[in-house]
Amino acid sequence: MNGHSCVISPQFKGALAHVSGGKYGRMFSNLPALEIDENIVRALGRSGSGMDLPAGAFEDPESDNPRIPAGFPFLGQFIAHDITRDPSLLHHHATLKQLRNFRTPRFDLEVVYGAGALAHPYFYDLHDPDMLLIGMNDAGPDDLPRNAQGQALIADSRNDSHMIISQLHLAFLKFHNRIVNLLHGKGLRGDAALEEARRLATWHYQWIVVHEFLPLSVGQEMVERILRDGHLIYAFEGHPFIPVEFADAAYRFGHPQIRATYQLNDRAGRVAIFPDLAGMRPVPAAHVVDWARFFAIPGRRPPQASKRISARLVHALIDLPESIVGETERPEEHSLAYRDLERGVNCELPSGEAVARVIGLDPLPKHALGLQALGWEGETPLWYYVLKEAEIQGAGERLGEVGGRIVAEVLLGLLAGDPHSYGNTNPEWRPTLPGTRDGEFTMADLLVFAGVA
């Protein structure tokens with residue numbers, strides 16, 4: 001890794017964009033935008049379409065992903081919020097020049113720390129300003145800090161969009177505080193403790209992204225291939241950028257991994273992701289997450305599985321509540337599937353087949369993609385192609401060659417482009433927090449150390 005550039009193979013350079021400055025950009029600048037009939041996009045993504053399956057179908061154990069516990073799609077959402085924020089409205093998301101990333105494209109836990117203690121003093125505990133502030137629910141300190149109207153006092157309101165992501169954000173607050181307790185025991189306080197706590201929290205989080213989240217999502221072989229052979233399709237000079245092919249297509253593979261209902265803890269029954277777990281409100285004690293239900297905690301029962309990666313979403317995501325989408329111009333805008341497809345159109349993304357050919361792959365056959373049933377004979381929206389590719393090449397357990405390469409190269413590239421990452425600051429570094437086993441550190445280790453599992 002280095003903090004200056006991410007180099008690609010020479011044969012791909014003519015087709016790829018080199019962007020600096022932390023903005024959105026394109027991986028495949030020479031590929032034309034897919035032109036697709038808006039009626040096809042609506043038919044594909046709307047409520048009642050082939051992408052919308054009833055809850056009963058998603059409770060079928062055959063649709064469970066045995067490789068990926070239920071917590072990892074939410075970790076993926078947390079990661080996305082840490083590296084990207086585009087607040088533009090769906091139909092204002094028209095051209096690349098209008099896009100602005102309000103996040104630093106680094107795994108730096110900006111979503112937790114914001115701009116730091118001086119800029120956001122209300123994130124911190126007045127009684128011990130080295131500690132991040134923890135909120136109270138009806139039973140104890142098990143919620144995000146909130147104002148009098150119930151809004152979370154955090155750096156990104158998206159981490160309060162539903163109760164599982166808000167509880168995950170809370171886990172990272174408690175992770176920081178446990179590290180501070182460790183440092184206080186060594187006599188370190190004040191700015192030095194804050195700086196060291198953030199470094200330790202960030203580097204262990206980066207380790208999880210590279211050594212656990214990515215291998216589960218794209219396969220260990222893909223990660224090792226990129227680390228060994230370098231990048232084929234993601235290049236930058238100076239500072240990394242976020243490709244729209246990643247942010248508005250490939251990285252949205254987590255949406256079909258969401259279950260219709262979840263068992264949050266041993267006390268509560270199964271609850272629906274929406275509307276039962278809709279956020280922007282205090283989390284009651286009955287909905288406090290037992291993370292052993294979402295990650296493989298040693299000595300505990302096996303966690304719930306995520307759903308297989310496929311071109312199908314639970315109905316709760318096809319009919320999102322108004323608290324999430326706001327007032328809409330048309331019914332389809334309540335569908336996350338339609339919104340994902342429409343963003344791809346508005347960002348002028350190439351087809352999945354075009355990307356496959358650039359990478360040197362044979363595109364998936366039309367009959368396997370299934371759009372001919374809608375009367376569409378053209379090529380395939382990139383997001384939909386990535387999902388179908390995962391179904392066909394990975395049995396829905398991981399991403400395929402196109403989706404996996406885009407996701408892995410961008411995430412590894414962001415780490416390589418961060419001069420403060422563990423890979424650039426100390427390439428020989430290994431996790432050091434108590435509980436680390438043989439130099440490894442997993443999300444389960446983080447949750448146990450934080451005292452939330």
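Predicted model: local features only at pLDDT ≥ 70, side-chain atom pairs only at ≥ 80, totals over all residues.
**Entry 1: helix α5**

I began with α5, which runs over residues 163-185. I found 23 residues in α5 and a reach of 33 Å from the first C-alpha to the last, close to the 33 Å expected at 1.5 Å a residue. I then looked up its accessibility: α5 is mostly covered, with 19 of its 23 residues buried. Glycine 187 follows α5, and I noted for this glycine a positive phi, near 85 degrees.

**Entry 2: helix α17**

The buried residues are Met443, Ala444, Asp445, Leu446, Leu447, Phe449 and Ala450. Which helices did I find among those that cover the buried residues of α17? They include α3 (72-83), α5 (163-185) and α6 (191-218). After α17 comes glycine 451, for which I read a positive phi, near 80 degrees.

**Entry 3: serine 421**

I located serine 421 in the loop between α15 (401-416) and α16 (422-425). Is serine 421 buried or exposed? Serine 421 counts as buried because its relative accessibility is 0%, and the cut-off for buried is under 20%. I traced its side chain to the backbone oxygen of leucine 415, which it reaches at 3.1 Å. Setting aside neighbours within four places in sequence, I listed Trp203, Gln206, Leu415 and Asn426 as the contacts of serine 421.

**Entry 4: aspartate 52**

I looked up aspartate 52 and found it in strand β3, residues 52-53. Its relative accessibility is 10%, so aspartate 52 counts as buried. What does its side chain reach? I found the backbone nitrogen of glycine 48, at 2.8 Å. Not counting residues up to four places away in sequence, aspartate 52 touches Arg46, Ser47, Leu313, His315 and Ile318. I also checked aspartate 52 against arginine 259: the two are 207 residues apart in sequence and 13 Å apart in space, C-alpha to C-alpha.

**Entry 5: the second largest pocket**

I recorded about 400 Å³ of space in the second largest pocket. Its lining has 18 residues, and Asp108, Glu195, Arg198, Arg199 and Thr202 lie nearest the centre. Which element gives the largest share of this lining? I found that α6 does, with eight residues. Sorted by class, the lining of this pocket has six nonpolar, five polar and seven charged residues.

**Entry 6: the largest cavity**

I counted four cavities of 30 Å³ or more. For the largest cavity I noted a volume of about 110 Å³. I listed its lining as Leu34, Ile36, Asp248, Asp340, Leu341, Gly344, Val345, Leu349, Pro350, Pro381, Leu382 and Trp383. The elements that give two or more residues to this lining are α11 (336-346) and α14 (382-394). I found that α11 gives the most, with four residues. By class, I recorded nine nonpolar, one polar and two charged residues in the lining of the largest cavity.

How values were computed:
Residues numbered from 1 in each chain as written. Heavy atoms only, no water. Buried < 20%, exposed > 50% of the residue type's maximum accessible area, 1.4 Å probe, protein only. Contact = heavy atoms within 4.5 Å. 1 Å grid on protein atoms, 1.4 Å probe; cavity = no way out; pocket = protein on both sides within 12 Å on 5 of 7 lines; lining within 4 Å. Points joined across faces, edges and corners; volume = space filled by probe spheres on them. Nonpolar A, V, L, I, M, F, W, Y, C, P; charged D, E, K, R; others polar. Polar contact = N/O pair within 3.5 Å; in protein donor to acceptor, adjacent residues only side chain to side chain. Expected span 1.5 Å × (residues − 1).
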